[in-house]
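My notes follow in the order in which I checked them.

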Amino acid sequence: MPDPTPSTSRRDFLKLTWAFFGAAAAVETAGIFITYLQPRLAEGEFGSIINAGLVDDFPPNSVTHLTNGRFYIVRLADGGFLSIYHRCTHLGCTVPWDETQQKFICPCHSSEFDRQGLVTNPPAPRPLDLFKVSIVDGSVMVDTAVPIQRQSYETAQVIYP
Amino acid sequence: MTDELPPTPEPSIFERMRTRLTPDGVPSDDRGRMRMVVDSLILHLHPTKIPDRTLRWTYTWGLGGLAAVLMMVLALTGVVLLNNYTPAAPQAYLDILELNSNVWFGELMRNLHHWSANLLIIVAVLHLIRVFITGAYRPPRELNWLLGMLMLILVLASNFTGYLLPWDQLAYWAITVGTSIISYLPIIGNWLTRLILGGPEVGPNTLLNFYSMHIALIPLAIFGIMSYHFWRVRKDGGLSIPKSLDESESGAEIKLERLTTIPNLVQKELIYAIAWVAALLIFAMLVPAPLESIANPDLSPNPAKAPWYFMGLQEMLLHFHPLVGAILIPGLVILGIFLLPFFDLNPRNVGVYFRSRRGRALTLLAAGIALIATPAWVLLDEYLLDWTGWLPSWPSLISNGLIPLLVITIPLILLDDWVRKSFQADTEERVLFIATFIFTAFIILTITGIFFRGPGMALYLPWNMPTH
């Protein structure tokens, strides 16, 4: 009488092999579909490096909205630059700058942010996102590819000409 | 060959077509009528005979059937709307204007589609409530409860994706706010939102993504699950049998009389469907679907509101950190609804509205407490509670999330304990109590969000609402 154990384990091995290749095929198929659906960005639009203008176009203590790039250029009193993404960190509404109250006030859920983009009134969970600023030949260049998330304000975020 | 019959005349081509298409009209005997149900593709969704009690109008309110009728209206109007629509920005908006002004019955088709879709959400939720209150989801009908919940989620998804298609301000910002909620999912949130939007924000790619989901993926899924849902109704032995409180308490055997489906059920269904379609037509002729100015990504309207059925969620966002208010609490509630038939499985009291006398009292009590507690809590949180102000150095997930979550869950646990001890409520009555409480609270939050929130999402009385 043959021992049943080896034949059982061979069957188990084949089952396991089938399961493995089946799972691999499922993962590959899902991967193909997800990759196919990945967003693509058009050149020169929001998402690329945008020339915001000359350094001298922005007086100290000013907030300028550049709607094409979806960002604000904030020039602090000491001449430093911040580029703030105009999208509210709460639920994505466009945050207008209120000149009289000197703060960003979101119309959707009344989050408020100061000049540096820090939350002064919730429900926003974190400060407004930043874009990378660089000064090239006297022009303010803003890289809108990746919004930089932050939890607090640090002087390293400010770029000086 | 001797007794020859007189030669029958050859039937005309019209006669042959008529007899083929409608064999003999509706048979006059029960047997023939039952045969007719079995032989028909559409009618055989029904059994040949049904218990007289399940025909009671006041048991089911015809809600499941009405949902199916609305699906048909939506499919038909949806397909013809495709002929006048381009899923591109800004052409989509111009197409809607054209549809409203220059296409024969264009506005009627859009209104019908819009109002049917909104009614479908209400009807689907009422259907779910009816099944819950009568305990009809208990074994053996658990699977159909799950399928129904899946369909409800798909109906919401269908409505939400359709909301963007007119490409007006209403659509743009409702979808911006709605999809931002997804980005709070831990780990995959940002990636998933980007995938759904087809970019960093709502734009032309989003319109195309939503269009393909709205016209193909979601309807196909709903059609598949709907067929399965119908089939399961029959496999589970038809509808649950309605019982009165007295019958349920005495435990007496209920004698069922079975009636043939034709004409008893079919006739009712037909009249019900025709009446609703007529009502929808009149409503669609009188009330136009909303359309605002063209989408403008630089200008968020004040207030920017989500679609009305998500206003309860948006109201939660005013009181909780989004991870708690829009993901954790709704996720747990939805999970709880899915699991209901697996812990409320007592086969007793199926078919009895509110389960028992104590059940009726507890339902009223739960609704009453929620009716007072929810507005009180909204007002308290709006004007007095300021967790982030009191605990400025704490992360807002704790100060604005976990602390208020505890503040509302602890009273709920105490309430449940009180009901269990003071009323000797058993599992099925406690489930009814908690569910009624949560549902009433959600409805009140939804009403608050729709009617009492004005500019800056501040609280206003509806008749004092400032207009811009």
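Predicted model: local features only at pLDDT ≥ 70, side-chain atom pairs only at ≥ 80, totals over all residues.

Entry 1, the helix pair. Which residues of α4(B) meet α12(B)? On the α4(B) side I found B:Gly65, B:Leu66, B:Val69 and B:Val73, and across from them in α12(B) I listed B:Glu269, B:Tyr272, B:Ala273, B:Trp276, B:Val277 and B:Leu280. Sorting the residues of this contact by class, I got eight nonpolar, one polar and one charged.

I then looked up the geometry of helix α4 (residues 63-82) and helix α12 (residues 261-286) of chain B, whose axes are 10 Å apart and which pack at an angle of about 50°. The two helices, α4(B) and α12(B), are therefore oblique to each other, and I recorded their crossing as right-handed.

For chain B the domain assignment gives domain 1 as 46-306 + 322-330 and domain 2 as 354-468. I noted a separation of 26 Å between the C-alpha centres of domain 1 and domain 2 of chain B. To their contact, domain 1 of chain B contributes eight residues and domain 2 of chain B contributes 15 residues.

Which helices supply the domain 1 side of chain B that touches domain 2? I found that α6 (106-133) and α14 (322-343) of chain B each supply at least two residues there. By class, I wrote down six nonpolar and two polar residues for that side of domain 1 of chain B, with no charged residues.

Note on methods
Residues numbered from 1 in each chain as written. Chains lettered and ligands numbered in written order. Domains from an automatic or database assignment. Contact = placed C-beta atoms within 7 Å. Helix = DSSP H or I, 4+ residues; strand = E, 2+ residues; numbered from the N terminus. Nonpolar A, V, L, I, M, F, W, Y, C, P; charged D, E, K, R; others polar. Axes fitted to C-alpha atoms, helices over the stretch in contact; angles between N-to-C directions. Parallel < 35°, antiparallel > 145°, perpendicular 65-115°, else oblique. Left-handed = near helix turned anticlockwise from the far one by under 90°.
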